[in-house]
Amino acid sequence: MEKKWWQKSVVYQVYPRSFQDSDGDGIGDIPGITRRLPYLKELGVDVIWLSPVYESPNDDNGYDISNYRGIMKEFGTMEDFDRMLDRAHELGLKIVMDLVVNHTSDEHAWFAESRKSKDNPYRDYYIWRDGKDGKEPNNWGSCFGGSAWQYDETAGQYYLHLFSKKQPDLNWDNPKVRDEVFDMMDWWLKKGIDGFRMDVISLISKDQSFPDGKPESTGYTDFNVAANGARVHEYLQEMNRRVLSKYDLVTVGECSGVTLEEAKKYGNLEGTELSMCFQFEHMGVDSDPVTGKWTTKKLELPKLKEVLTRWEKGLEGIAWNSLFWDNHDQPRIVSRWGCDAPEYRERSAKMLAICLHMMKGTPYIYQGEEIGMTNYPWKDVSEFQDIDSVNNYKEIVKKGIMTPEDAFRALKAKSRDNARTPMQWDAGKNAGFSDGTPWMAVNPNYTAVNAEEALARKDSVFYTYQKLIALRKQMDVIVYGDYNLLLPEDENLWVYTRTLGEEKLLVVCNFSGKTVSFDVPEAFAAGEALIENYDTAGEGLSCIPPYGAYVLKA
Ligand code: NOJ
């Protein structure tokens, strides 16, 4: 296998709106990111993925783009962007842009033209259909609630929007759309950016017969009918030939609804499509068959191990994997599968970090994860801002699928807003995020949980991440070793080995709030501890305290 720089790299995701405000308007911005680049350098990451910074009316916080070649005013100017890019490169950091091309904003100039009339040259840039029997063309639901079709009076037809009404889907079957997108990508690459994270790229090829999907499904389940369409690999191979292959990039496809078989194509090691893709099967292990992610179901560890092990083994030697617990669409991992009570917050955050970063694939860290940021203590449903949370809450309650109380509990656990509270930099005003009024409330635990405090204390979560990143750079077994699961049925422990020739690692993680005993395999009995989150010399390797974790080198 040809080795690539991004296989050894660690990516850090910045959600610009919530990272660092520099001008006091309460909204994070590009000069704010530039100011914090040395912090990311100190952490040791190689690549920064920026959630969208393009012009947008912000119906979905920038995932609805009205101009792909302009910067959102609230975030700064193109000059600010260029300065940030230069500074990042000076520091040896790469910048990956979010590429949101399954859909545009309805305020994009193409859509404004498209909706004018059936014979407008831009008509076929989007997906327009007549209704069926006085209703929508089919029963597809939008991810954010309601039908995926919107009737447009002027246009006299329905347009497809898998997300909000203000995010009409582009028609990738139209070669002109592909030309426009590829030109735009090339324009950014010529500026010197280092790659793309491709938003819901698995959804770009729709079945042109638009068959009905499962009736009555809520939220993300609808992805299944639209994902991995017949021509998606053809389009990505075309993109690769015409654009990506001309540069040395990292690309990651957000592949909602991807199966293992499909991921082998998206992230194939021959490099004909993308570097790797994000799969979401593990994010669904605590979901409900009817309400999807909107549930407070607890994690069953054997399920999670089964899913991620299948992905680790299934892609081995065929495609590259990506590893993540958190992003801007997920609740905070320490609250979800760790324990965010003060007693165990740090230890469980470190355990989760060790468990993920020792697996095979490129790890992604979401802003704040490296200091163990937690979910927000929501008091009332009116506090949520995210379109996905707000719309789905209304729909679930209206349809009587859940009581308002249960739906609120589900939102508290799963809302994307948990990830979007401002980054906690220090114990000062607004956690050092902004001098003005933050667009979203700061988590009140910022006086204890913040980057300044973490940097000043050598046993903080920050330094566990820093060490994990450094170990990955030093040891090929972490990057390329085979993964093997031990104790698949164990409900508390996740134990696995990594093997590369003579090099062998044992990773032991206690996902429970109990002390658990474990027989260290013979081959590791005299092993050296590479990293741990409790005093292994004192409590021992066979007696693992709540959320304890360590890695032994044979
Ligand atoms: C996936 C993005 O991660 C999410 O934040 C967004 O709402 C949808 N795609 C639509 O662009």
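**Exercise 1. Find the residue in E8 that is the bridge partner of Asp152.**

Start with the strands (DSSP runs of E, at least two residues, numbered from the N terminus). E7 covers residues 149-152 and E8 covers residues 157-160. They run antiparallel and are joined by 4 bridges; two strands count as paired if DSSP finds at least two bridges between them. Asp152 has Gln157 as its bridge partner in E8. Now look at the turn: this hairpin has 4 residues between the strands, and Gly156 takes a positive phi near 70 degrees.

Before going on, keep in mind that this is a predicted model, where local features need pLDDT of at least 70, side-chain atom pairs count only at pLDDT 80 or more, and totals for chains, interfaces and linings use all residues. Residues are numbered from 1 along each chain as its sequence is written, and side-chain values use heavy atoms, with hydrogens and water left out.

**Exercise 2. Work out whether Val250 is buried or exposed, and what it touches.**

Next, check its relative accessible area, which is 4%. Buried means under 20%, exposed over 50%, and partly exposed in between (1.4 Å probe, protein chains only), so Val250 is buried. Then list contacts (heavy atoms within 4.5 Å). Leaving out residues up to four places away in sequence, Val250 touches Trp5, Trp6, Val47, Val96, Asp194, Gly195, Phe196, Ser275 and Met276. Finally, pick out Trp6: it is 244 residues from Val250 along the chain, yet their C-alpha atoms are separated by 6.4 Å.
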